[in-house]
Amino acid sequence: MRREHRFVLTCAATTCASLVAAVVPVPAVPRALIALPLVFVLPGEAILRALDLQFTRCARAPIVVGISMAVTLLGGFVLDWLGGLTPLGWAAWLGGASVLAAATARHGGTCLRPALPTFAVRHVLMLAATCGVLALTVLSTVRSTELFRPFPYTNFWMLPQGAAIDAYLIGIKNGEGRPETYAVRLMVDHRMAGEWQDLVLAPGQWLAFPVTIPPGMPARAWLFRAEQPQVIYRTVTVAGNEEMGGVSATSTTDGAS
Amino acid sequence: MRSLLAFIGPKTLSEPMLPLRFSLDWSLGLMLYGTVITWLMRAAAHSSPWQEYLFWGGLPLLFLPLAARAAWPGVAAGERLIHLIVLAELSFLIKVLFWPINFAQFDEFLHWITASDILEAHKLFLPNSMLPISPLFPGLEVVTTALANLSGLPLFVAANLIVAATRGMFIAALFGFYTRISGSARLGAIGSLAYMGGSSYVMFDSQFAYETLALGLVGTILVAHVELSAAGADARRTLTVLGLLAAAVVVTHHITALEVLSLLTAVAMLQALARRARWRLDLMTAALGGAFMAVWLHLIGNPLSDYIGPVLDAGVSQLLPMLKHAFAGSGGGSVASAGRASSRQAFVAADGSHTPVWLQIPMIVALPVTALLLANGFLTALVHARGIGLTDPGGGWRGLVDLIRLRWQRSWMLLIALLALTWPMSVLLRLTASGWEIGNRLSGLSFLGVGIVIGSSILHWWQRPEQWFAATLAGLALTVIFTGGVVAGWGLPATHIGYKVEGDALSIEPMSIDAAAWTKQWLGIGNRFAGDRCNDILLGTYGRQEVITSLYDREDSGALFRHPTLSPWDREIIQTDRLDYLLTDLRDSTARPYLIGYFNEPTDLTPLDPRNLMKWDDAPGVSRIFDDGWISIYDVRAMRHAP
């Protein structure tokens, strides 16, 4: 098969694959492998071939990547105008530009292929070791970053819930990095309106439960920890007005992280 | 005097004919070595007080062997390029590994907002209150969301792939450009290594920010320009390639676009002065780029004067008194005091913490080393622009006469060498309170010149592999310049030890992130929020909230937290800015801000009075809906809608 045909076919195949990946669920790795050449290589390579331009080997690669990115970002404005900033729109634009440019290349363009050196076993081992160390580096720093926790914390919140004007939600999330047992006390208009004890949450777990606060009533909810039951750990409030009313509260532990 | 003239005078650049060798052993061995050093540099991230020593000790160990091999005589151009790309990518990796689970640098959050808007709404030009100019130059976000859309990768991964590709593209382009304009791949490699010593290279130009992509595209413009010229490409081909790239830069970053247009215009003028064959085509290229810029600015309503003008004004107005102060000495009276007020104290953060002396040393040494190499190589690089060849016997001082008579062949070499003259300005601007940002960005441009001049200097006195003393000296000089650049551009914040109040990346930690994410989960997106500088960027990204800023709204959020009691002024701000919620962080009352201030507007650096933050507990109609011990969120919608 002639070179120009091979390249046109490569562009067409990648375009078809990306169009399929845009509409049908495709696993992440093959989808990324299709997308990378379409964004970084094919449009630029096709345009250079269409223009039949000759560059040195070291210079050609950055120019190809640069033109590919330029085609991508300028295409963004066209797609924005057409309302097509979607996976399908991108696949059509980048694939279409690549195939079109590749098809206009008369002689397949001039592409100096780098003379690849011969790989020995030791080179393969060095490359594999580099990939291994790289993976280890990324995984270990991700792990240490996830463990970085200068402020153990507990989120405590009280919010209106839904359309009903007296329905509220009280929530707790344990970010202390260890299991915690909590208690909640709700005061409405300075009177005890409900108390919930022994709310056990694992690290990262949260719970939320509905309460009723009559319209216009000021309310205050306190959170306590079992280890210091007399110390208010967190406070949230609902601003009220001058009205007074009754309170009812129910609790469910519905949430989990 | 004679020694001085010999030191700074133009010298003949000659390279001995050596067999060029491409070694896979060196290429892959150094790649493995560099990866191991990178692992060691970040092995103790977040967990050990030793991480500072590992990081800063590892930096020269990472750079030196790769740089030495890239600059070694007799190495094939392809192998030099591999070492340069490995260095570019590993120096990017050490930035990513600072916080490898998501974006962490302040500017990255600003562009994350714009990219998220595009990804979610499938539309461009949506407002971004944290950086209003970002949606108007959306090149980076368009490319990133294109990759995210096509690959299905998370935005963070797609963004890092784009930046990694841009880093590789830029350094390869720079190497190709230097090689082409100087005629020497070795000079190209040494110049590229020197370029890495710019203060913005390792951190600032590795960020997910619009300058990063724009700079990469500038690299391709430069190399494409000289390659097209060398290939004798006709106007159609030249204008197609350069027009595409120039248009891409124009819609990606304003200042970089202005810089590259200036370069294209200047080189066209130099070509015309020297009556070079392609000067008309070069002028057409510059005009095409200028036309793109003019059209784009017209379409987006020219926001540049509002955005860049104040920064430039402040930088220049602070630089002048500082220079006068320097020349007036201690007896300068008011000028001296004005100079002291506007200058930045070197190595001291806004919260008063000092950079350790051992860390100051590389930067302090890097300045005179750079200056010496520039003095040694500047005239050599200039005379080399005559372009007679690397072994021209008629160089020396006579070569300068040729330049005065407008006789040169390499206009790019001449222009880029002259750019080195902006280096002192970039250093001085970095010493001012407002101009440091311009100075930091100017360093990217000035180091284009610094690279070629330092390359010319080193190439002159290190020519053969057996010159071990010269090799050691060159390696050490390049390593010191590189390390000094990282200290100047990143410094202490390169390592993440504990939490700093308003320290941008040093303030990112799980509790603040969780509070911001909570707003998205429980309040929905798009609520109007006011908070402090660091929580604002988290609210805008993890929370997808609309944060008020003085850039976009009437008032900066800081005005709400400057007094211990509630005032009618507070209510007016809430109503005028249509605020829904306030976020307060009591940690702001525990220490001075590590960087700029508590809020986006520059404010007093004394720690906030906790009463300023807690006054909202007793404010009528205000509910405290969230509390995590430090961060509280207040619902002020009732106050906003109150008559």
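**Entry 1. Chain A, overall**

I began with chain A, where, among contacts (heavy atoms within 4.5 Å) between residues at least 6 apart in sequence, 63% join residues at least 24 apart. I noted that this is a predicted model, in which local features need pLDDT of at least 70 and side-chain atom pairs count only at pLDDT 80 or more, while totals for chains, interfaces and linings use all residues. I also noted that residues are numbered from 1 along each chain as its sequence is written, that chains are lettered from A and ligands numbered from 1 in the order in which they are written, and that side-chain values use heavy atoms, with hydrogens and water left out.

I looked up the helices and strands, which are DSSP runs numbered from the N terminus (helices are H or I, at least four residues; strands are E, at least two). Chain A has six helices and eight strands. Along the sequence I read the pattern α-α-α-α-α-α-β-β-β-β-β-β-β-β.

I then looked up burial (buried means under 20% relative accessible area, exposed over 50%, partly exposed in between, with a 1.4 Å probe and protein chains only). Chain A has 257 residues, and 47% of them count as buried.

**Entry 2. Ser18(A)**

I found Ser18(A) in helix H1 of chain A, residues 3-23. Is Ser18(A) buried or exposed? I put Ser18(A) down as buried because its relative accessibility is 4%. Leaving aside neighbours within four places in sequence, I listed Ile34(A), Leu38(A), Ala91(A) and Leu150(B) as the residues in contact with Ser18(A).

**Entry 3. Where the two chains meet**

I looked up the interface next. On it, 90 residues of chain B are in contact with 80 residues of chain A. The two chains bury about 7100 Å² between them, with 75% of it on carbon and sulfur atoms; buried area here is the accessible area (1.4 Å probe) that two parts lose on being put together, summed over both. In chain B, the residues that lose the most area to chain A are Leu150(B), Leu244(B) and Trp522(B), together 10% of what that side buries.

I looked up polar contacts (a pair of N or O atoms within 3.5 Å; within protein, one must be able to donate a hydrogen and the other to accept it, and residues adjacent in sequence count only if both atoms are side-chain atoms). Between chain B and chain A, 19 residue pairs are in polar contact, both residues being at pLDDT 80 or more. The elements of chain B that give two or more residues to the side touching chain A include helix H2 (24-42), helix H21 (510-523) and strand S4 (623-627). H2(B) gives the largest share of that side, 11 residues. By class, I read 57 nonpolar, 20 polar and 13 charged residues there. In this scheme Ala, Val, Leu, Ile, Met, Phe, Trp, Tyr, Cys and Pro are nonpolar, Asp, Glu, Lys and Arg are charged, and the others, Gly among them, are polar.

I also checked strand pairing (two strands pair if DSSP finds at least two bridges between them). Strand S1 of chain A, residues 153-160, is joined to S4(B) by two bridges, and the strands run antiparallel. Opposite Trp157(A) I found Phe626(B) in S4(B).

**Entry 4. Salt bridges**

Side chains of opposite charge can pair when their charged atoms come close. I counted a salt bridge where a side-chain nitrogen of Lys or Arg is within 4 Å of a carboxyl oxygen of Asp or Glu. How many salt bridges are there over all chains? The count comes to 28. Three salt bridges are between chain B and chain A, and one I looked up joins the side chains of Asp514(B) and Lys173(A) at 3.0 Å, N to O.

In chain A, Glu227(A) and Arg178(A) meet in a salt bridge at 3.2 Å, N to O. The two residues are 49 apart: Glu227(A) is in the loop between strands S6 (219-225) and S7 (234-238), and Arg178(A) is in the loop between strands S2 (167-175) and S3 (180-188). Glu227(A) is partly exposed at 48% relative accessibility, and Arg178(A) is partly exposed at 39%. Glu227(A) also meets Arg225(A) at 3.5 Å, N to O; Arg225(A) is buried, at 11%. I noted a network of salt bridges linking Arg178(A), Glu180(A), Arg225(A) and Glu227(A).

**Entry 5. A positive phi**

I found Glu502(B) in the loop between helix H20 (468-489) and H21 of chain B. Phi of Glu502(B) is near 50°, a positive value in a residue other than glycine. Glu502(B) is buried, with a relative accessible area of 1%.
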